[in-house]
Amino acid sequence: MFSPISAAVDSRVELLGTAVMSFLELDIRTFLKLLSIGNLVAMAMVFVYKSPENHANRIRTFVFGRLFQSMGFGLISLRGAIPLWISAHLGNPFLFFGIALEMIALRRLYQSRVRVEGLLIFWVGAGSLALWRFADTPALLVVVSSFVGALLYSSSGLSLLRSAGSSRLKTLTSTIFVVFGIILAVRSYLAQADSIGGTTSHPIQSVTYIVQFSLLLVGTVGFLLLMKEADDQLLLDSERREREERNLQSKFIDMLTHELRAALMAVKISSSSLKQQLMGQPPDVTKRVDNICSATDSMSAIVDRCREIERLDREEPSIHLSECNLLDVVMNLDRVRGPEGERLTINLGGAETVLADRQLLEVGLNNLIDNAIKYALPATPIQIYCTAEVRNSMPGFRISVENQVAAHTAPDAAQMFVRYFRGANAHNVSGTGLGLYLTRALVRLQGGEAHYRGDAEGRVIISLCLPAPSSAQGETA
Amino acid sequence: MNSSRPLRVVVVEDYGILREELVHFLALNGFEVAGVNCGLGLDDWFGSNARPPDITVLDLNLPGEGGLEISRRLRTTYPEMGIVMLTARKELADKLIGYSAGADVYLTKPVSGEELLAVLTSLHRRLKPQPTSAWQLNLARTMITSPTGLGAELSANECAVLAGMARASDQIADSTELLLLCADDEGGLNKGYLGVLLTRLRRKLAAISPIADSHLIRAVRRKGYQLLISIEIR
């Protein structure tokens, strides 16, 4: 039965087939040249990639891989113009070696558990030997080279698929390699059946080189993306490790401060008992107990400071800004109400109000006064005063604590707020070198700044600048 | 310690040296004190003592049942008992949790013996007020009771004036201020009214006073009136 409709359909299918075949009839030699040039460009692209992590070895391996592939394609494209042993018997091993290097670079990038380096080098060596020994016709050359290519791509693809991580990009690249390995295997089979030479036009040749060209483009971009992905992953892993270490450190500090506070409390209570039991004893006996109390207080302050620093390092302090009356804050400070309070000359005006976190402001001011009490010359006054100041075009106040140290002993301004820095005159007093560092960090968290000024006469002034409420609130609004 | 019966305190602290020192220090200061190291130890103490402690000093990090759980349990069972939490946890959140779990006072380690002593004494004063020799003014019942136990009924304005003088500095209150405390029921609040009210008040107080012919309220020139007896307002 002859049907005019089916005849028309058949005719259209035939036309489409012819069009596809015509599209696939590529000039293989031109393609080979393009692949040679393309590999050089790809090599340059990868070469200029700046990796934040040290991928130097992988990049070098990949670049050499592309260079060898470029040389391989270049030599093969010169078939007929140069001797066959150079174009085919040298070009193909170059190509094998280049592909193997590219695969090794990728495997190392993803730290695949399956070590295929030895296997790939074996395929390259065995393939090259087979090529030199048996491939004495163009078809056999294609059979052997395609077969070696298939082994190289598929073993690398499978190795990558089994590597750790769940990157989609890695899965896609590996799958493409495996599929290309299959295409090359088909080419190897068809080359024998259809007597296909290296530059013979044939659909499988066209498919092979189109995929090869796509791999050149996609592979290079993919490699760069894979490196970027690996870098990102490394960064994430490093952040996670850092977080875990911080948590561990925090737990350790928690445990340490808890135990130390309990031990210090035992000492303090013992001192209180002793003080009562030694009542009536000569002053040089009771002084020993007073010294125990003072030393315990110093240790307690150090423990507290370490805890605050640790919280600061963990970026944990929560800030609750509110209007704080400076006079009210200062007059209620532990250091002002304490036994050394008599040495302080306070002149803060009346209604100066700053926008600050009261608790953090108290920690900062206590540290400043503590610092002044520790290092001021005996019997010299310590002054606390406040001046209005415009900072960054915003009104605010500068609260200063001024004291007198021995002439020419005022610390260097560059080191004053450095963590763990202790002045030359600090060996007689207990401390950690954390107080001023902590104070500046806390005042900065509140939108302020800490300053230090010392002169040759030994006058030392440390100031905290904080914004006035209306200005800071206006800015927020 | 001023009370006749020693204040009974139990210290719950797992750190042996600290517990020993606390017990020693409190005993030295006249407390009847016992130390236990955990919740089970506290239960044993309750089992072997008929009378509960007046105050429990409680650490939070304890083996087994935690200090917060113990506090909740004690607060439910012994609402009259004072609970002082003594812990190394200094964060505001921890303090709030401590208070919500029933603490009367939350102290952070290390605290000095003197401060602990002051806290325990103050807490005891609030929880178990000692009988005093002062006059008692009951505002709700509008009644004044003398130290001997005799009582007299007062009017609302007499109560207000008496309380006003008791609250004032040196117990001297300005006449105008005292008048402002009075309710204007009779439509004639003036110095004359205040004079009459104070005469009435003096008479009522004198009737129940343990000391005959004593001056209980006196006029202070250019200042007002001074109450010469100490009064506790309830």
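Trainee: At roughly what angle do the axes of helix α9 (residues 203-277) of chain A and helix α1 (residues 16-28) of chain B cross?

Mentor: This is a predicted model. Two packed helices are described by the angle between their axes and the distance between the axes. For α9 of chain A and α1 of chain B, the axes come within 9 Å, and the crossing angle is roughly 25°.

Trainee: Why is α9(A) described as roughly parallel to α1(B)?

Mentor: The two axes cross at roughly 25°. Angles under 35 degrees count as roughly parallel. Therefore α9(A) and α1(B) are classed as roughly parallel.

Trainee: Which residues of α1(B) make the contact with α9(A), and what is the handedness of the crossing?

Mentor: The crossing of α9(A) and α1(B) is left-handed. On the side of α9(A), the contact involves A:Ala262, A:Met265, A:Ala266, A:Ile269, A:Ser270, A:Ser272, A:Ser273 and A:Gln276. The residues contributed by α1(B) are B:Ile17, B:Leu18, B:Glu21, B:Leu22, B:His24, B:Phe25 and B:Leu28.

Trainee: How many residues of this helix contact are nonpolar?

Mentor: The residues joining α9(A) and α1(B) include 5 polar and 1 charged. The nonpolar ones number 9.

Trainee: Turning to the chains, which helix gives the most to the side of chain A that touches chain B?

Mentor: In the contact between the chains, 15 residues of chain A meet 16 residues of chain B. Both α9 and α10 (283-313) of chain A supply at least two residues of that side of chain A, which divides into 5 nonpolar, 8 polar and 2 charged residues. The most, 13 residues, comes from α9(A).

Trainee: With which residues is A:Leu152 in contact, leaving aside its neighbours within four places in sequence?

Mentor: A:Leu152 is among the residues with the most contacts inside the largest nonpolar core. Leaving aside those neighbours, the contacts of A:Leu152 are A:Phe96, A:Ile99, A:Ala100, A:Met103, A:Leu120 and A:Trp123.

Key:
Residues are numbered from 1 along each chain as its sequence is written. Chains are lettered from A and ligands numbered from 1 in the order in which they are written. This is a predicted model: local features need pLDDT of at least 70, side-chain atom pairs count only at pLDDT 80 or more; totals for chains, interfaces and linings use all residues. Axes are lines fitted to C-alpha atoms, for helices over the stretch in contact, and angles run from 0 to 180 degrees between N-to-C directions. Helices (H or I, at least four residues) and strands (E, at least two) are DSSP runs, numbered from the N terminus. Angles under 35 degrees count as roughly parallel, over 145 as roughly antiparallel, 65 to 115 as roughly perpendicular and the rest as oblique. A crossing is left-handed if the near helix is turned anticlockwise from the far one by less than a right angle, and right-handed if clockwise. Two residues are in contact if their C-beta atoms, placed from the backbone, lie within 7 Å. Ala, Val, Leu, Ile, Met, Phe, Trp, Tyr, Cys and Pro count as nonpolar, Asp, Glu, Lys and Arg as charged, and the others, Gly among them, as polar. A nonpolar core is a set of buried Ala, Val, Leu, Ile, Met, Phe, Trp, Tyr and Cys residues joined through C-beta atoms within 7 Å. A residue is buried if 20 or more other C-beta atoms lie within 10 Å of its own, exposed if 12 or fewer, and partly exposed in between; C-beta atoms are placed from the backbone.
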